Amino acid sequence: RGGGYRSVPTDDEAHLFPRHGDDDDRSSSPSLSAKVKKKYWKTKQSWIERRGKSQDEFVVAGDAQLDQRIERMKSIQTTSGRLSRICSAYKKKLVDTSDREQELSDFLEAEGSKDGTRAGKSMINLSKVLEEDSDARIKCVAPIARLNDELDTFQTRALADSKSTTDRMEIETGISSGAFVA
């Protein structure tokens with residue numbers, strides 16, 4: 001690996017760290033499914049009106065609220081998944097950087113002990129500082145790993161439960177809407 005400092009993520013890492021202004025910000029524009037649902041409900045409403053029937057305003061409001069909840073849940077799911085990937089990448093980079101600092105510290109200590117001059121003493125002192133930095137960096141890994149585990153738990157439990165609840169609500173709403181329209 002070149003060992004040099006890299007400020008720009010590689011192509012396989014670029015999706016983990018979206019830059020400000022990228023088109024990847026899905027929260028600002030409605031998703032394709034939201035557009036399709038909106039078009040569906042408008043078409044359905046106009047079809048009902050052409051047939052001379054009126055749809056209950058509470059059903060329309062309930063359908064809109066359900067669609068809004070589903071979109072919010074999908075947005076949370078996407079965001080928490082992205083945050084989990086970022087935590088994993090950050091944790092890996094912390095460990096890699098700490099390993100490199102430790103290697104440099106060991107090298108400076110070995111070379112400094114061979115050299116009896118002031119430069120050798122400076123190398124030994126610098127190796128101690130690098131070792132402390134490495135230890136401090138490693139101490140950051142555990143909280144990030146915990147956050148990542150909690151995000152995974154949130155995704156598997158809370159979002160799965162929310163999805164099943166909204167699926168049941170969607171089915172119930174579809175059944176009750178059909179009863180009002182028919």
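Figure 1. At 65% relative accessibility, K114 is exposed (over 50%; buried is under 20% and partly exposed lies in between, with a 1.4 Å probe and protein chains only). E111 is partly exposed at 29%. Their side chains form a salt bridge with an N to O distance of 3.5 Å (a Lys or Arg side-chain nitrogen within 4 Å of an Asp or Glu carboxyl oxygen). The model is predicted: local features need pLDDT of at least 70, side-chain atom pairs count only at pLDDT 80 or more, and totals for chains, interfaces and linings use all residues. Residues are numbered from 1 along each chain as its sequence is written, and side-chain values use heavy atoms, without hydrogens and water.

**Figure 2. The salt bridge of D96 and K92.** The N to O distance between these side chains is 3.1 Å. D96 and K92 are about one helical turn apart because four residues separate them in helix α2. D96 is partly exposed at 22%, whereas K92 is exposed at 52%.

**Figure 3. The salt bridge of E150 and R146.** The closest N and O atoms of this pair are 3.2 Å apart. Both residues lie in helix α4, four residues apart. E150 is partly exposed at 42%; R146 is exposed at 57%.

**Figure 4. The largest nonpolar core.** C87, L94, V141, I144 and L151 make up this core (buried Ala, Val, Leu, Ile, Met, Phe, Trp, Tyr and Cys residues joined through side-chain atoms within 4.5 Å). Helices α2 (57-114) and α4 (141-181) each supply at least two of its residues.
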